[in-house]
Amino acid sequence: MPGAQELLFFMIPLAVSALMIASLWKILLSFFLEREGNFEWFPVVLTSLILVILTVYLYNQLQFTKYSNFIITSAYFLAALSAILFGFARRFVYIRYYGLLLCFVALGKFFIWDIRAISTPFKIAAYFLYGTLLLLISFIYQRINSSLGT
């Protein structure tokens, strides 16, 4: 059971990150509304910034654990899936492409960097988990893409 001090050290960076994201949201929104440009880039830029903040936060919190890289890669896959679903919900093409690119980046990170630190039984489970996740993303993408006719 974590003590009060450990909980405080966990919550302070989380609160600062939430404030940073809220500030970035307002700044980026005003920038894109002011320029009257292509609003589709707003979620791509915001998601990228949130992902950087999330990566730094997770790395600092899980710095010396054996599976910290695996957890960060899983967060990338979840962000990719969220970006793809958001892109379909709002009919934004750029965020969908960004989600697919992020999925490939996470997969490359997993196969190049993360797999080295995992023992053989966990490697097998991880391959099945990521394979299932990729099939799920592919299925969802094709299903929604064909139903929208885009």
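1. Which residues of α5 are buried? They are A126, Y130, L133, I137, Y141 and N145, where buried stands for under 20% relative accessible area, exposed for over 50%, and partly exposed for what lies in between, with a 1.4 Å probe and protein chains only. The elements that cover these buried residues include α3 (68–90) and α4 (93–112).

2. On the basis of the note: this is a predicted model, in which local features need pLDDT of at least 70 and side-chain atom pairs count only at pLDDT 80 or more, while totals for chains, interfaces and linings use all residues. Residues are numbered from 1 along each chain as its sequence is written, and side-chain values use heavy atoms, with hydrogens and water left out.

3. The chain as a whole has five helices and zero strands, and from the N terminus on its elements run α-α-α-α-α; helices (H or I, at least four residues) and strands (E, at least two) are DSSP runs, numbered from the N terminus. Of its 150 residues, 32% count as buried. Among contacts between residues at least 6 apart in sequence, 64% join residues at least 24 apart, a contact being a pair with heavy atoms within 4.5 Å.

4. Helix α5 covers residues 120–148, and its 29 residues reach 42 Å from the first C-alpha to the last, close to the 42 Å expected at 1.5 Å a residue; the expected span is 1.5 Å times one less than the number of residues. Helix α2 (residues 41–61) has 21 residues that should span 30 Å, and its end C-alpha atoms are 30 Å apart, which agrees. The buried residues of α2 include F42, P43, V44, L46 and L51.

5. Two packed helices are described by the angle between their axes and the distance between the axes. For α3 and α5 the axes come within 10 Å and cross at roughly 10°, the axes being lines fitted to C-alpha atoms, for helices over the stretch in contact, with angles from 0 to 180 degrees between N-to-C directions. The two helices are therefore roughly parallel to each other; angles under 35 degrees count as roughly parallel, over 145 as roughly antiparallel, 65 to 115 as roughly perpendicular and the rest as oblique. By class, this contact of α3 with α5 has 16 nonpolar, three polar and no charged residues, where Ala, Val, Leu, Ile, Met, Phe, Trp, Tyr, Cys and Pro count as nonpolar, Asp, Glu, Lys and Arg as charged, and the others, Gly among them, as polar.

6. The axes of α4 and α5 come within 12 Å and cross at roughly 165°, which makes α4 roughly antiparallel to α5. Residues R96, Y97, L100, C103, L107, F110 and F111 in α4 meet A126, Y127, Y130, L134, I137, Y141 and N145 in α5. By class, the contact of α4 with α5 has 12 nonpolar, one polar and one charged residues.

7. Within helix α4 lies G99, which is buried, with a relative accessible area of 0%. Not counting residues up to four places away in sequence, G99 touches A80, A83 and I84. The C-alpha atoms of G99 and G87 are separated by 8.5 Å, and these residues are 12 residues apart along the chain.

8. In the loop between α3 and α4 one finds R91, which has a positive phi of about 60° although it is not a glycine. R91 is exposed, with a relative accessible area of 51%.
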